Amino acid sequence: MKRFLVCFLSVLLLLAMTVPALAAVKEGIATIAVTSESIVEGKLKTITGNNKVNVPKGKNKSPQLTWTKVEGAKFYAIVMYDKTNPWLHWLRKDIKAVAIAKGETQSLKEGKFTGKGTYIGAYPPAAHGDHTYEIYVFALAAKPKTFKAKMNSGATSLDAIKTGLDTTKSGNGNILGMGVVTGTFKHGQDVK
């Protein structure tokens, strides 16, 4: 019982620290309309999936994205996060365009918008069913301060990424806008 109480209080403390940070990021920012031709009827196309463990194998190509321009934004950041099993699949913080083509990432090692280690396609375990992937686009006033985010891992929370994007050398308030598009993916799915 004592261990349960300690764990419960730890979770409450973590939530108390996280919620104000999220609220600060969301207040007073523009809503970005994000669309993707790589999502069909709410499902990510197979080509965007991982090319190692999925059946059928994907091609590990980043999804196509288009979003609305935000006035004053000098950079855009993309984050793809598995909401079902918190896992970072894509992080890029210095995009200057408002659209990227499907397959800009050819592998983990190369790609126009995704350098080494910045995109890994979806690969939910076979017995897990549908996983929900949220692809966020953030409009940034400046390049964010350097922060650590572990790719292909659940070690970095989405809240920590948002806080990192919102912080520059001169302080907080870097996020000017945010939008999200969602797609599901499951082992065995074949969406063309």
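User: Which residue lies over the face of F147?

Analyst: A charge sits over a ring if NZ of Lys or CZ of Arg is within 6 Å of the ring centre and within 35 degrees of the ring normal. Here K93 lies over the face of F147, at 4.4 Å from the ring centre. This is a predicted model, in which local features need pLDDT of at least 70 and side-chain atom pairs count only at pLDDT 80 or more, while totals for chains, interfaces and linings use all residues. Residues are numbered from 1 along each chain as its sequence is written, and side-chain values use heavy atoms, leaving out hydrogens and water.

User: How many aromatic pairs are there?

Analyst: Rings of Phe, Tyr and Trp (its six-membered ring) pair if their centres lie within 6.5 Å; planes under 30 degrees apart count as stacked, over 60 as edge-to-face and the rest as tilted. The count comes to three aromatic pairs. Among them, W67 and Y76 form a tilted pair, 5.7 Å centre to centre with 55 degrees between the planes. Y136 and F138 form a stacked pair, at 5.8 Å and 15 degrees.

User: Which residues touch the most other members of the largest nonpolar core?

Analyst: A nonpolar core is a set of buried (under 20% relative accessible area, 1.4 Å probe, protein chains only) Ala, Val, Leu, Ile, Met, Phe, Trp, Tyr and Cys residues joined through side-chain atoms within 4.5 Å. Of its 21 residues, L65, W67, I78, W90 and I135 touch the most other members. A second, separate core of 18 residues includes I29, L88, Y136 and L165.

Conventions: Buried < 20%, exposed > 50% of the residue type's maximum accessible area, 1.4 Å probe, protein only.
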